[in-house]
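This report describes one protein model. Look at the sequence and the structure first, then read on.

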Amino acid sequence: ASSIGQSTSTLNGTADPNGSSTSAWFQLGTTTSYGYTTGTTSVGSGNSAVAYASSMSGLACGTTYHFRSVAHN
């Protein structure tokens with residue numbers, strides 16, 4: 001995570017499409033059960049890691065959030 005503010009943050013991840021059309025997104029929540037999913041981002045179909053990010057808002061100050069990067073092809 002970067003650009004962390006009182007109620008905002010940017011989640012950053014990378015995904016390697018390994019030659020297949022791939023979509024990526026983040027899961028986020030106050031527990032490791034997550035509960036919230038961002039919109040998907042196309043990371044193409046190349047053969048090297050592609051960086052992607054998602055801006056978050058409406059976060060509660062002083063709250064621990066868990067997130068993970070997910071990709072599917």
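Which residues does T38 touch, not counting residues up to four places away in sequence? T38 touches W25, F26, S54 and M56, where contact means heavy atoms within 4.5 Å. T38 is found in the loop between β3 (36-37) and β4 (41-44). T38 is buried, with a relative accessible area of 7%; buried means under 20% relative accessible area, with a 1.4 Å probe and protein chains only.

This is a predicted model, in which local features need pLDDT of at least 70 and side-chain atom pairs count only at pLDDT 80 or more, while totals for chains, interfaces and linings use all residues. Residues are numbered from 1 along each chain as its sequence is written, and side-chain values use heavy atoms, with hydrogens and water left out.

The protein chain has six strands and zero helices. Strands (E, at least two residues) and helices (H or I, at least four) are DSSP runs, numbered from the N terminus.

The largest nonpolar core has nine residues: L11, A15, A24, F26, L28, V43, Y52, M56 and L59. Such a core is a set of buried Ala, Val, Leu, Ile, Met, Phe, Trp, Tyr and Cys residues joined through side-chain atoms within 4.5 Å.

Of the 73 residues of the protein chain, 29% count as buried.

Conventions:
Buried means under 20% relative accessible area, exposed over 50%, partly exposed in between (1.4 Å probe, protein chains only).
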